Amino acid sequence: MIIPRLDRIAYGGDYNPEQWPEEVWRTDVALMREAGVNLVTVGVFSWAELEVAEGEFRFGWLDRVLDLLHAGEIAVDLATPTAAPPAWLTRRYPGSRLVDRDGRVLGFGGRQGFCPSSPDYRARAAELTERLAARYAAHPALVLWHAHNEYGGANPACYCATSAAAFRRWLADRYGGLDALNAAWGTAFWSQRYGDWAEIEPPRRAPTAGNPAQQLDFLRFCAAEHLANFRAERDILRRCAPGVPVTTNFMIAACKTMDYWRWAAEVDLLANDHYLRAERADNHIELAMAADLSRGVAGGAPWLLMEHSTSAVNWQPRNIAKRPGELRRNSLAHLARGADGLMFFQWRAARYGQEKFHSAMLPHGGTETAVWRDVVELGGMLRTLDPVRGEPVRADVGMVWDWESWWAAELDWRPSVDLDYVERVSAFYEWLWRAHLTVDFVHPAGDLSAHPLLVVPSLYLVSTEAAANLARYVEQGGTVVVSYFSGIVDVNDAVHPGGFPGALRDLLGLVIEEFRPLRAGQTVRLDSGATGDVWAELIEPRGATTVASYLDGPAPGGPAVTRHPFGAGVAWYVSTRLRGADLDGVLRAACADAGVASREDLPPGLEVVRRGRFLFAINHDGHDAKLPAAGTELLTGARCDGVLRVPGGEVRVIDTGR
Ligand code: GAL
């Protein structure tokens, strides 16, 4: 059970009673019960309401809220409100303000306007956390702690003097001495040698591109500072309330700056926030990817969807409303992919402030609305679907995901501005989704052995350890598909010696003589019939067989796609940007090598996922779809003997009994 004191699929959202007169609270609790809500996140942004001036605490209102929720049998995920320091703190401790790369001190009026390394911020956050923990540790409504909110969301990095000093301490700890730092950063280049720690700065805006190794270390440092802040709060909460899990909400796939592989080891359960990119019609594929990544980072364990939206998301350029049935399809797709709880931002739509046009479980229009009816219906469905909780998702294919490599791949002065890490991961993911294959995400140095096929999209930075791990996987019988701009640099952004792709040269059985990136809009034709763009390479095979060659472009006649038997396995390499059906050739052949049966025969637009003995079929098309299945359908209670019909836009969940 992800939340020991909650023995149901968690259902609810962020609840901000401080924005409402007290007489509304009772109605809230009654309506929560009507909707089947069993968990709400309270207090996320209430610092100024709880500590009205330094050391002046007002907990009375929160006492009453928690008591009321408890009386209504609604459990509480209590937040530390440290993501929104109050005005008094900002004024009293001006050194705690966030400073951007250009040296500008950012203003008050939003949230997360603080420097993550500020000792004043840290001290005040710890004090409030201590008070909250002491006061509510034994409250019967409390089942989960929610530290902060989306660490690093608005303040990933601060460039102030305090941050600079903390960065230097972090570097001293990492490198021990300046010689090691100079070597790691390659400071012989452009006269950058450091002779004193005090000379080192955060990578503030410079007249040219900054030192890439310095930038990478700064990204590592910033992520570590946020993680240290989480740990500090978590340790207080754990000490005061042993047994109550502590988490914080990630923004997996959407957040570049936090290395959530590191974070996952520190939280008691993984919680994620996901918001659809509303304008894309097939945005459910990106949703599936974020859900699979959440589960992957959680090591396969069930996780909690801490926030998603019932309909429009206000911070997007156009606040597109969800289509009929979309709320249900989105929520149940997260459930299918391993979530044991479905929460929303937020319970009641706000009347004022920046987020008043954001959808909510209870919209401005109240209960006479389609959104409310959908929310109530979903609450009912989750009661029926409760047996799914805790079951493991059964995936078919592994895929590598790495934040550090993402950072490094997109620093300045790369060989093409069109290199885009998430685009590459998404393109391969999308092909697998359309082939009805479920993906488990893994760290490049993690355990790769669960699946016979592993996709490695543009893994630019590869440590020696990860390179050995990937080679071992193939040697022992695995099949990998590696895409271009992989295995190029080490952890300090230094090129692996001996020719590209140094870390993967032997595994792939080839040398890249030269990158040959394409002009904007230029395409290259392959003799397989596929068309690529963005990138091409001049490749010299050293053991690999050419499976497809370039017909034109900057490397005509040369290998474009190669295959290399290595140990007991096979390593595929794709040297140009292929998308959609242009990936058919290589991915079908790699599936065949790996013995993965692609399920391209199933109807397009139908999302099919197995979670334990349950089969989820989510129809994103307007037309009926059919698939082979037998068992009891949980939502309708109908028996299904061989063929399951899923009406357009609907979801079916079969208990297959095995
Ligand atoms: C999240 C955040 C919430 C709310 C939401 C709106 O990123 O955690 O507090 O702002 O976005 O979509």
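This is a predicted model: local features need pLDDT of at least 70, side-chain atom pairs count only at pLDDT 80 or more; totals for chains, interfaces and linings use all residues.
Residues are numbered from 1 along each chain as its sequence is written, and side-chain values use heavy atoms, with hydrogens and water left out. When I say helix or strand, I mean DSSP runs numbered from the N terminus: H or I with at least four residues for helices, E with at least two for strands.

Okay, back to Ser 191. Its phi is positive, about 60°, although Ser 191 is not a glycine. At 72% relative accessibility, Ser 191 counts as exposed. For that word, the cut-offs are: buried under 20% relative accessible area, exposed over 50%, partly exposed in between, with a 1.4 Å probe and protein chains only. His 436 also has a positive phi, near 60°, and is a residue other than glycine. You'll find His 436 in the loop between H14 and strand S14 (439–442), but this one is buried, with a relative accessible area of 3%.

Now the rings. There are 36 aromatic pairs in the structure. Rings of Phe, Tyr and Trp (its six-membered ring) pair if their centres lie within 6.5 Å; planes under 30 degrees apart are stacked, over 60 edge-to-face, and the rest tilted. Take Phe 59 and Tyr 136: they are edge-to-face, 6.1 Å centre to centre, with 75° between the planes. Phe 59 sits in the loop between strand S4 (56–57) and helix H3 (60–71) and Tyr 136 in helix H5 (residues 119–136), so this pair ties together parts that are 77 residues apart in sequence. Both Phe 59 and Tyr 136 are buried.

Another one to look at is Tyr 151 with Phe 230. Their ring centres are 6.0 Å apart and the planes are at 85°, so that pair is edge-to-face. Tyr 151 is in the loop between strand S6 (142–146) and helix H6 (161–175), and Phe 230 is in helix H8 (residues 212–240), 79 residues apart. Tyr 151 is buried at 3% relative accessible area, and Phe 230 is buried at 0%. Both belong to one aromatic cluster, whose members include Trp 261, Trp 401 and Phe 441.

What about the sheet? Picture an open sheet of nine strands, in the order S7-S6-S5-S2-S1-S11-S10-S9-S8, with parallel pairing. Strands S7 (246–247) and S8 (249–250) are at the edges with a single partner strand each, so one side of each has no neighbour in the sheet. Two strands count as paired if DSSP finds at least two bridges between them; S5 (residues 75–79) and S6 pair in the parallel sense over four. One of those contacts: Val 76 has Leu 142 in S6 as its bridge partner.

Next, helix H11 (residues 326–336) is mostly covered, with 11 of its 11 residues buried. Just after H11, Gly 338 takes a positive phi of about 115°.

Last stop, the cis peptide bonds. One runs from Phe 345 to Gln 346, with omega near 5°, and Gln 346 lies in the loop between strand S11 (339–344) and helix H12 (370–384). Another joins Phe 500 and Pro 501, with omega about -15°. Pro 501 is in the loop between strand S16 (479–483) and helix H16 (505–508).
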